[in-house]
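Dear colleague,

I am passing on the structure that we spoke about, and below it I have set out what was found. Please read the notes with the model open beside you.

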Amino acid sequence: MLRILTAGESHGKGLVGIIEGFPSNVRVDINEIHQDLARRQKGYGRGGRMKIEQDQVEILSGVRNGKTLGSPIAFLIKNKDYENWESYMDPMEADIETKKVTNPRPGHADLTGARKYGFDDVRNVLERSSARETAARVAAGSIVKQLLKVFGIEAAAHVTAIGKAALEEEIWDFEKIKEAEDSPVRCVDPIVAQQMIQRIDDAKETGDSLGGIFEIHIKGLPVGLGSYVQWDRKIDAKLAYALMSIQAIKGIEFGFGFKNAQKPGSQVHDEIFYERERGIYRSTNQAGGIEGGMTNGEPIVIRCAMKPIPTLCKPLRTIDLHTGEPADASVERSDTCAVPAAAVVGEMVALTVIGEEFIRKFGGDSLEEMMQRWKACKST
Ligand SMILES: Cc1cc2nc3c(=O)[nH]c(=O)nc-3n(C[C@H](O)[C@H](O)[C@H](O)COP(=O)(O)O)c2cc1C
């Protein structure tokens with residue numbers, strides 16, 4: 001089973017990731033990981049930190065001469081900002097007074113985390129709950145992506161709404177969606193992109209923040225990843241679990257999930273056809289590529305809703321944890337809107353789940369073994 005763990009605080013030494021259960025003999029291109037890390041750092045509306053960081057990954061184990069060994073892959077992404085934070089974040093001897101935070105931000109993990117773990121300093125919570133952690137998940141996802149690419153599986157993500165600026169038409173053409181890569185807000189329509197930028201500027205000016213919606217498309221999938229036989233093996237459930245674990249993601253939809261709820265079945269379900277040259281196919285994909293908890297061979301389409309960023313430059317009301325008196329919520333250096341970045345994180349996290357199920361179905365110790373089983377399955 002493929003498992004991914006991450007560790008690291010936002011202003012600590014760095015982020016660490018471990019990938020366990022990855023097959024041997026897969027070529028790993030470090031530049032591709034760097035490209036994906038850079039994609040996560042881009043996006044109009046991000047805060048100052050993104051200019052400092054420029055994430056670079058250092059692989060510590062599990063890869064030799066550019067190929068995986070089948071042993072756990074461990075990697076490190078150093079926090080470039082650590083040099084400014086060392087005296088406050090040193091694991092053994094830190095000045096904990098200077099950077100103490102006692103005004104928890106509504107919408108963040110601050111208050112509940114401090115109560116749960118018994119802290120009088122919210123910094124002990126925010127350092128780990130911060131979405132800085134997603135850099136490690138992107139690096140891990142990027143390695144899984146390199147395995148899936150060998151089997152022709154590819155993903156793309158685009159932003160369909162930021163605040164009230166939203167795409168009106170559905171865009172499900174994979175090549176078109178890839179064009180979002182060139183947009184500062186990851187939106188394929190330049191007019192809507194401009195409206196999104198304007199909304200972000202307005203929010204910034206008033207000290208506010210914005211959320212939005214992004215869509216992930218995954219193509220080239222074999223039939224039958226996931227299973228209907230047990231609730232915790234359904235691939236839509238697994239994807240929803242993993243995507244919901246991304247900071248600030250609060251809604252998930254597969255295909256036209258919510259719109260379909262308002263239509264009769266005759267207008268919703270994807271009819272089945274067969275042609276000798278094409279094999280079995282559908283002319284629509286309203287289900288978003290998943291039926292009965294399994295991939296049905298059509299592209300997976302997932303939509304994720306991200307809430308607005310909790311840190312506001314014009315802070316919301318809170319209390320001071322030490323005195324119980326009313327206070328303004330703390331203001332850490334923050335993004336105004338991170339939907340374009342979250343889309344990249346979503347893409348990588350979704351690929352990780354696909355990788356896990358792909359390895360489960362075609363699993364083997366080596367890439368060659370997987371390839372044999374995959375070819376055998378394709379020819380049936
Ligand atoms: C890519 C990304 C960047 C984020 N940047 C910030 C940020 O700069 N400031 C902030 O307060 N929250 C940010 N968030 C959201 C918080 O991390 C998140 O709201 C918080 O951890 C609480 O978790 P929850 O929203 O899932 O309940 C970001 C989320 C993502 C996915």
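In which loop does K307 lie? K307 lies in the loop that runs between β16 (300-306) and β17 (317-319), where strands are DSSP runs of E with at least two residues, numbered from the N terminus. With a relative accessibility of 26%, K307 counts as partly exposed, because buried means under 20% relative accessible area, exposed means over 50%, and partly exposed is in between (1.4 Å probe, protein chains only).

Before going further, please note that this is a predicted model, in which local features need pLDDT of at least 70 and side-chain atom pairs count only at pLDDT 80 or more, while totals for chains, interfaces and linings use all residues. Residues are numbered from 1 along each chain as its sequence is written, and side-chain values use heavy atoms, with hydrogens and water left out.

An unreviewed UniProt entry places the feature "binding site" at twelve positions, among them R128, G292, K307 and R333; such annotations may be inferred rather than shown by experiment. The annotated residues span 206 residues in sequence, and their farthest two C-alpha atoms are 43.8 Å apart, so they do not all gather at one spot.

As for cysteines, the count of disulfides (pairs of cysteine sulfur atoms within 2.5 Å) comes to zero. The sulfur of C313 is 14 Å from the closest cysteine sulfur, in C337, which is too far for a bond. C313 counts as exposed, at 62% relative accessibility, whereas C377 counts as partly exposed, at 28%.

Best wishes

Notes:
Helices (H or I, at least four residues) and strands (E, at least two) are DSSP runs, numbered from the N terminus.
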